Amino acid sequence: MVFSSWAAMILASAFTLALGLRLPRLIQGSGNLWLWLTHLGMSIGLWLAVEPIYLFVDRLLGSINLANLVSHWCINFVFLAAGVQIALSIGRCEVASRIRRFSAVGLPLALALMTVLFFAADLSYSSMGLDDFRDTETSVVLYKLSLYLYPAVVSAMLVNPFLKANTGSVYRVPFYSKKLMSVGFAFGVVAPMGHLVELANRQLDWLTDVIVYPAMLCVLTGLVLAWISALLTHHHELQPSPRLDHQKVS
């Protein structure tokens, strides 16, 4: 397997583990539904980014790259669940509500557009990432472009709240994490431009990666730093106060 498949497998394993660990609390009614749904979408999408698993699943589905379509559905679904959860994490309930209202119409339309463009392409055999077809099939580039339309709108809803967020929140998301994520979501807003440029010049098919990978890096780094900060804060709160210990001894 190539490095990207190993990286995807490691991340998929982590999200799957988190998915399982959070399930009992969710069943009991005390878990975070949006966070669990985010882990579910990430788990499926990342497992399908592991080449042997992608080829195996796609073979079961007829070897016409339906596994790619499923992974694209998952990515859009993750932006719904993660977008709502991230908005709630910084105390912006109105942004979370806005994402849900938009998604009631926008997400089904985005999935329908992707599906139509997918079946419009002539995909006669399994090709992970559909790279074998991008030079000859304009519909494939349009299909890949459609992947970023719904995430771009959700990202646009999150950029300003993160830029303007200066105070702490119930989930203890630190200042620097918010700014990193705002940069990542700003990249997400312009992500569709990469494939638009590719339509004009197929030699610029690398442009989307230049936009998407920094976006992923900024958002994921911001989330990891926020998670570490929350753990450290929680650990500090659990430590007994020296003054209280002294009073008890006295």
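In this predicted model, helix α5 passes helix α7 in a right-handed crossing. To find the pair, look for residues 93-120, which make up α5, and residues 149-164, which make up α7.

How do you put a packing like this into numbers? Two packed helices are described by the angle between their axes and the distance between the axes. Here, the angle is about 165° and the axes lie 8 Å apart. Angles over 145 degrees count as roughly antiparallel, so α5 and α7 are roughly antiparallel to each other.

Now for the residues that do the touching. On the α5 side they are Val95, Arg98, Ile99, Phe102, Ser103, Gly106, Leu107, Ala110 and Leu113, and they meet Leu149, Tyr150, Val153, Val154, Met157, Leu158 and Pro161 in α7. Sorted by class, this contact has 13 nonpolar, two polar and one charged residues.

How many cavities of 30 Å³ or more does a search of the whole structure find? The search turns up one, and the volume of the largest cavity is about 30 Å³. Its lining is made of Arg22, Arg25, Leu26, Gly31, Asn32 and Trp36. Helix α1 (residues 3-28) gives the largest share of that lining, with three residues.

Note on methods
Residues numbered from 1 in each chain as written. Predicted model: local features only at pLDDT ≥ 70, side-chain atom pairs only at ≥ 80, totals over all residues. Heavy atoms only, no water. Axes fitted to C-alpha atoms, helices over the stretch in contact; angles between N-to-C directions. Helix = DSSP H or I, 4+ residues; strand = E, 2+ residues; numbered from the N terminus. Parallel < 35°, antiparallel > 145°, perpendicular 65-115°, else oblique. Left-handed = near helix turned anticlockwise from the far one by under 90°. Contact = heavy atoms within 4.5 Å. Nonpolar A, V, L, I, M, F, W, Y, C, P; charged D, E, K, R; others polar. 1 Å grid on protein atoms, 1.4 Å probe; cavity = no way out; pocket = protein on both sides within 12 Å on 5 of 7 lines; lining within 4 Å. Points joined across faces, edges and corners; volume = space filled by probe spheres on them.
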